[in-house]
Amino acid sequence: MEEAKREKRKETLRMVKFFLFSVSAGVIELVAFAVLNEFTKWSYWPCYLIALVLSVLWNFTLNRRYTFQSASNVPVAMIKVALFYCVFTPVSTLLGNYLAETCMWNEYLVTLINMLLNFTTEYLYDRYVVFRKSIDTNTLAAKQAEQENQKIQEDK
């Protein structure tokens, strides 16, 4: 029973980390989008696309190391994430462009909606596809497991 509690706590912490790193990636995306949207005469889609790529690179790097603590092959994990974005990016770019340019929705509202969709779907994809078999396999996870085992031994 104690092991189940530890696993639940670990998974909850993983979701909190993913949320916080996603917030930081969201800030990067919004700032990049705002700079491009306000200081260029570009339409919605190139501003969104460049901002999205910057936030994805940031988010992938932090989540691989700290959230999922994965020692998996970086190029393979990146390819899996790229496959996710091969679907998500065209859909969100076309839908976002339609909402912003045709329906005249506020560009920032559209970007925020895309970010919320991205947050939810990417967590599930990363957790159950990209890092499913390699969660808690890097040196950081090994150190944490060792500390946890020492604590358990001390408590006995």
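Modeller: One term before we start: a helix axis here is a line fitted to C-alpha atoms over the stretch in contact, and angles run from 0 to 180 degrees between N-to-C directions. With that in hand, α1 and α4 pack at about 145°. Their axes are 10 Å apart. Bear in mind that this is a predicted model.

Colleague: OK. Which hand is the crossing of α1 and α4?

Modeller: Right-handed, as α1 passes α4.

Colleague: And what classes of residue make up that contact of α1 with α4?

Modeller: Ten are nonpolar, four are polar and eight are charged.

Colleague: Now α2 and α4. At what angle do their axes cross?

Modeller: Roughly 35°, and the axes come within 12 Å. The crossing of α2 past α4 is right-handed.

Colleague: Which residues in α2 and α4 meet there?

Modeller: From α2, you have Y44, Y48, L52 and N59. Across from them in α4 are E107, V110, T111, N114, N118 and E122. By class, this contact of α2 with α4 has four nonpolar, four polar and two charged residues.

Colleague: How many charged residues are in the lining of the largest pocket?

Modeller: Twelve, next to five polar and four nonpolar ones.

Colleague: What about the second largest pocket, what is its volume?

Modeller: About 270 Å³. The lining has 18 residues, with S22, V23, G26, M115 and F119 nearest the centre. By class, eleven are nonpolar, five polar and two charged.

Colleague: Which helix gives the most to the lining of the second largest pocket?

Modeller: α1, with eight residues. α2 (44–67) and α4 (107–130) also supply at least two each.

Colleague: Last thing, confidence. What is the mean pLDDT of the protein?

Modeller: It is 92, and 99% of the residues reach 70 or more.

Colleague: Which element has the lowest mean pLDDT?

Modeller: α5, at 86. The highest is α2, at 94.

Terms used: Residues are numbered from 1 along each chain as its sequence is written. This is a predicted model: local features need pLDDT of at least 70, side-chain atom pairs count only at pLDDT 80 or more; totals for chains, interfaces and linings use all residues. Side-chain values use heavy atoms; hydrogens and water are left out. Ala, Val, Leu, Ile, Met, Phe, Trp, Tyr, Cys and Pro count as nonpolar, Asp, Glu, Lys and Arg as charged, and the others, Gly among them, as polar. On a 1 Å grid over the protein atoms alone, a cavity is a set of points where a 1.4 Å probe fits but cannot get out, and a pocket is an open set with protein on both sides within 12 Å along at least five of seven lines; lining residues have an atom within 4 Å of a point. Grid points are joined across faces, edges and corners, and a volume is the space filled by probe spheres set on the points. Helices (H or I, at least four residues) and strands (E, at least two) are DSSP runs, numbered from the N terminus. A crossing is left-handed if the near helix is turned anticlockwise from the far one by less than a right angle, and right-handed if clockwise. Contact means heavy atoms within 4.5 Å. pLDDT is the predictor's confidence in each residue, from 0 to 100.
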